[in-house]
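Please read this note with the model open beside it.

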Amino acid sequence: MSLDVSPALLEQAERGEVDEAEFVDCVRTSLPYAWGMISSLAAQLKVDGGQFADNQTPPPDEQARGQLLRALASDAIRGSLERHFGVRLAFQNCHRVAVFPLDPSVDGRLAKFTSIRGQLLNQSPELRDC
């Protein structure tokens with residue numbers, strides 16, 4: 001699934017600078033599953049506090065999984081989502097998305113989550129083909 005880019009947004013891109021808020025809205029409407037997950041994790045982090053909030057439930061179908069992969073694999077989309085929600089995003093496997101506050105005090109926890117060791121410890125046979 002590609003982004004559903006409006007003619008007006010495409011025109012902006014062709015002219016030069018793009019309004020990031022309009023790009024974020026394009027992501028929101030094009031990738032609703034990914035948007036919903038990241039939005040809810042950012043809200044959970046804000047309410048609960050702590051060092052991070054994460055999702056450990058696999059997506060319900062391949063379309064949803066594809067949305068997560070597209071959102072988090074694209075530097076432009078990922079960066080815009082981080083700026084919009086005021087968080088740092090981390091990703092493991094096909095579904096484990098985590099949001100971390102911008103606060104440098106959680107840098108160690110973020111490094112642990114995104115480490116080789118963290119990746120290996122998050123493996124399971126059920127997720128081999130995700």
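1. Buried means under 20% relative accessible area, exposed means over 50%, and partly exposed lies in between, with a 1.4 Å probe and protein chains only. By that scale Trp35, at 15% relative accessibility, counts as buried, and Phe85 is buried at 19%.

2. This is a predicted model, in which local features need pLDDT of at least 70 and side-chain atom pairs count only at pLDDT 80 or more, while totals for chains, interfaces and linings use all residues. Residues are numbered from 1 along each chain as its sequence is written, and side-chain values use heavy atoms, leaving out hydrogens and water.

3. Rings of Phe, Tyr and Trp (its six-membered ring) pair if their centres lie within 6.5 Å; planes under 30 degrees apart count as stacked, over 60 as edge-to-face and the rest as tilted. By this rule there are two aromatic pairs. The ring centres of Trp35 and Phe85 are 5.0 Å apart with planes at 50°, so this pair is tilted. Because Trp35 lies in helix 3 (residues 32-48) and Phe85 in helix 5 (residues 75-85), the pair ties together parts 50 residues apart in sequence; helices here are DSSP runs (H or I, at least four residues) and strands likewise (E, at least two), numbered from the N terminus.

4. Phe52 and Phe100 form a stacked pair, 5.1 Å centre to centre with 15° between the planes. Phe52 counts as partly exposed at 22%, whereas Phe100 is buried at 0%.

5. Asn55, in the loop between strand 1 and helix 4 (62-73), is buried at 13% relative accessible area. Its side chain reaches the backbone oxygen of Thr57 at 2.9 Å.

How values were computed: A polar contact is a pair of N or O atoms within 3.5 Å; within protein, one must be able to donate a hydrogen and the other to accept it, and residues adjacent in sequence count only if both atoms are side-chain atoms.
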